[in-house]
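User: Please examine the structure shown below and answer some questions on its helix packing and on selected residues.

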Amino acid sequence: MVKQPVTVNGVVRWRDMGEAHTVQPEKEEHKMVVLRHEIGDVLRDVRQRQGRTLREVSHSARVSLGYLSEVERGQKEASSELLSSICVALEIPLSLMLREVSERVALAEGIAIPDTVPTDMANEFAEKSAGKPLASV
């Protein structure tokens with residue numbers, strides 16, 4: 001009988017390993033991503049970088065202040081039409097907002113996504129929405 005170290009929850013134990021037993025590699029655990037939380041976080045970050053209030057954005061987007069607050073907190077799943085309206089009110093392209101959400105989801109999943117949007121184009125939209133380049137955010 002052979003003894004091999006087996007790590008379980010960070011604790012190393014020695015286990016008798018017969019010929020029929022094999023050590024199963026531990027699976028990596030990934031944080032569960034809830035898309036509405038990520039979308040809400042991005043929308044809130046953009047609004048706050050602009051120094052705008054929920055009331056200002058909700059008025060411009062023609063959505064109730066309470067509903068916008070719930071979207072930002074990830075409690076409500078916004079429709080594509082509502083997201084588009086909020087992005088127009090924030091003066092950012094929907095695609096740029098979704099790209100930031102995608103990057104956050106990829107990070108949570110442990111995936112590296114290469115940057116494919118030219119920096120000058122991304123900075124142009126970032127300057128319009130926040131007054132500073134996206135690369136420095």
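User: How are helix 2 and helix 3 oriented to each other: roughly parallel or roughly perpendicular?

Analyst: This is a predicted model, in which local features need pLDDT of at least 70, side-chain atom pairs count only at pLDDT 80 or more, and totals for chains, interfaces and linings use all residues. Residues are numbered from 1 along each chain as its sequence is written, and side-chain values use heavy atoms, with hydrogens and water left out. Helix 2 (residues 54–61) and helix 3 (residues 65–72) pack at about 110°, with axes 9 Å apart; helices are DSSP runs of H or I with at least four residues, numbered from the N terminus, and axes are lines fitted to C-alpha atoms over the stretch in contact, with angles from 0 to 180 degrees between N-to-C directions. Angles of 65 to 115 degrees count as roughly perpendicular and those under 35 as roughly parallel, so helix 2 and helix 3 are roughly perpendicular.

User: Which residues of helix 3 make the contact with helix 2?

Analyst: Contact means heavy atoms within 4.5 Å. Helix 2 contributes Leu54, Arg55, Val57 and Ser58, and the residues of helix 3 are Leu65, Leu68, Ser69 and Glu72.

User: Is Ser58 buried or exposed?

Analyst: Ser58 lies in helix 2. Leaving aside neighbours within four places in sequence, Ser58 is in contact with Val63, Ser64, Leu65 and Leu68. Its relative accessible area is 7%; under 20% is buried, over 50% exposed and in between partly exposed (1.4 Å probe, protein chains only). Ser58 is therefore buried.

User: Which residue's backbone oxygen does the side chain of Ser58 reach?

Analyst: The separation is 3.0 Å, and the backbone oxygen belongs to Arg55.

User: How are helix 1 and helix 4 oriented to each other: roughly parallel or roughly perpendicular?

Analyst: Helix 1 (residues 35–49) and helix 4 (residues 80–90) have axes 11 Å apart and pack at an angle of about 15°. Their contact is made by Ile39, Leu43, Val46 and Arg47 of helix 1 with Leu83, Ile86, Cys87 and Leu90 of helix 4. Helix 1 and helix 4 are therefore roughly parallel.

User: What is the C-alpha separation of Ser60 and Ser85?

Analyst: Ser60 is in helix 2 and is partly exposed, with a relative accessible area of 40%. Not counting residues up to four places away in sequence, Ser60 touches Arg52 and Ala89. Ser60 and Ser85 are 25 residues apart along the chain, and their C-alpha atoms are separated by 8.4 Å.

How values were computed
Helices (H or I, at least four residues) and strands (E, at least two) are DSSP runs, numbered from the N terminus. Angles under 35 degrees count as roughly parallel, over 145 as roughly antiparallel, 65 to 115 as roughly perpendicular and the rest as oblique. A polar contact is a pair of N or O atoms within 3.5 Å; within protein, one must be able to donate a hydrogen and the other to accept it, and residues adjacent in sequence count only if both atoms are side-chain atoms.
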